[in-house]
Amino acid sequence: MAGRFVLASASPARLATLRSAGVHPRVVVSGVDESQVDDPDAAVVAVRLAELKARAVAAAVDAGDTSWVLGCDSVLAFDGAVLGKPDDAADAVARWRLMRGGSGVLHTGHCLVDVDSGREVLRAAATRVYFADVTDAEIAAYVASGEPLNVAGAFTVDGLGGAFVRGMEGDPHNVVGISLPVVREMFAELGVRWTDLWNGTGDGS
């Protein structure tokens, strides 16, 4: 049953999170241009991008072997700004100099499409993240690692950046880019039990 589930995301962290929870989806990358969505509300941006990604993949996959497509997208709301992936290393350094010692809210949008019916379930999840008061040298080393250049908000909690996050309020999985409790509820709304998606093969079959 899990093999009929497609994750419309190139994020290895999202895939790893699902796999650790016993679900092994196939991955189909949407190719959606994330710059096309611009809104001052971070939650709106996250959900809209998730919707675009899920719809694009749902339209492209073979309905004969796919039942559900899940799109996700994350952005960080910090000091009135909506922050996706940094433009480059200089942008990542500048962000960290602003974020250190402060806090922001990581918003992740989720869109689950039932391929057969076309029905969509949309959800947003939010987790407050408290950043450590890191030094300029630590910021430089972190950005030089390349890790923050490919993630929303220029940070991770499941990699090198974990040492630079001193606390969270909310679902920690959401900060990785997918809220497992939220996705479970979304499947339930479509009449699918989360435990029926458990699959030990690891190959999406």
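How many bridges join strand 6 to strand 7, and which way do the two strands run? A few notes on this predicted model, starting there.

1. **Strands 6 and 7.** Four bridges join strand 6 to strand 7 (residues 165-169), and the pairing is antiparallel.

2. **Strands 5 and 6.** On to the pairing with strand 5. Strand 5 (residues 103-114) and strand 6 (residues 120-131) also run antiparallel, with 11 bridges joining them. Thr-108 sits across from Ala-125 in strand 6. The two strands make a hairpin with five residues between them. Have a look at Gly-118 in that turn: its phi is positive, about 80°.

3. **Salt bridges overall.** The structure holds 10 salt bridges.

4. **Lys-53 and Asp-73.** The side chains of these two meet in a salt bridge, at 2.5 Å from N to O. Lys-53 belongs to helix 2 (residues 42-60) and Asp-73 to strand 3 (residues 68-78), so the pair links distant parts of the chain, 20 residues apart. Buried or exposed? Lys-53 has a relative accessibility of 8%, so it counts as buried. Asp-73 is buried too, because its relative accessible area is 3%. The cut-off for buried is under 20%.

5. **Arg-97 and Asp-136.** Here the closest N and O atoms of the salt bridge are 3.7 Å apart. Arg-97 lies in helix 3 (residues 89-99) and Asp-136 in helix 4 (residues 136-144), so this pair ties together parts that are 39 residues apart in sequence. As for accessibility, Arg-97 is partly exposed, with a relative accessible area of 46%. Asp-136 comes out at 41%, so it also counts as partly exposed.

6. **Arg-193 and Asp-196.** The side chains of this pair meet in a salt bridge, 3.1 Å from N to O. The two ends fall into separate accessibility classes. Asp-196 counts as partly exposed because its relative accessibility is 29%. Arg-193 has 56% relative accessibility, so it counts as exposed. The line for exposed is drawn at over 50%.

7. **A network.** Which residues are linked in a network of salt bridges? They are Arg-48, Glu-51, Arg-55 and Glu-120.

Terms used
Residues are numbered from 1 along each chain as its sequence is written. This is a predicted model: local features need pLDDT of at least 70, side-chain atom pairs count only at pLDDT 80 or more; totals for chains, interfaces and linings use all residues. Side-chain values use heavy atoms; hydrogens and water are left out. A salt bridge is a side-chain nitrogen of Lys or Arg within 4 Å of a carboxyl oxygen of Asp or Glu. Buried means under 20% relative accessible area, exposed over 50%, partly exposed in between (1.4 Å probe, protein chains only). Two strands pair if DSSP finds at least two bridges between them.
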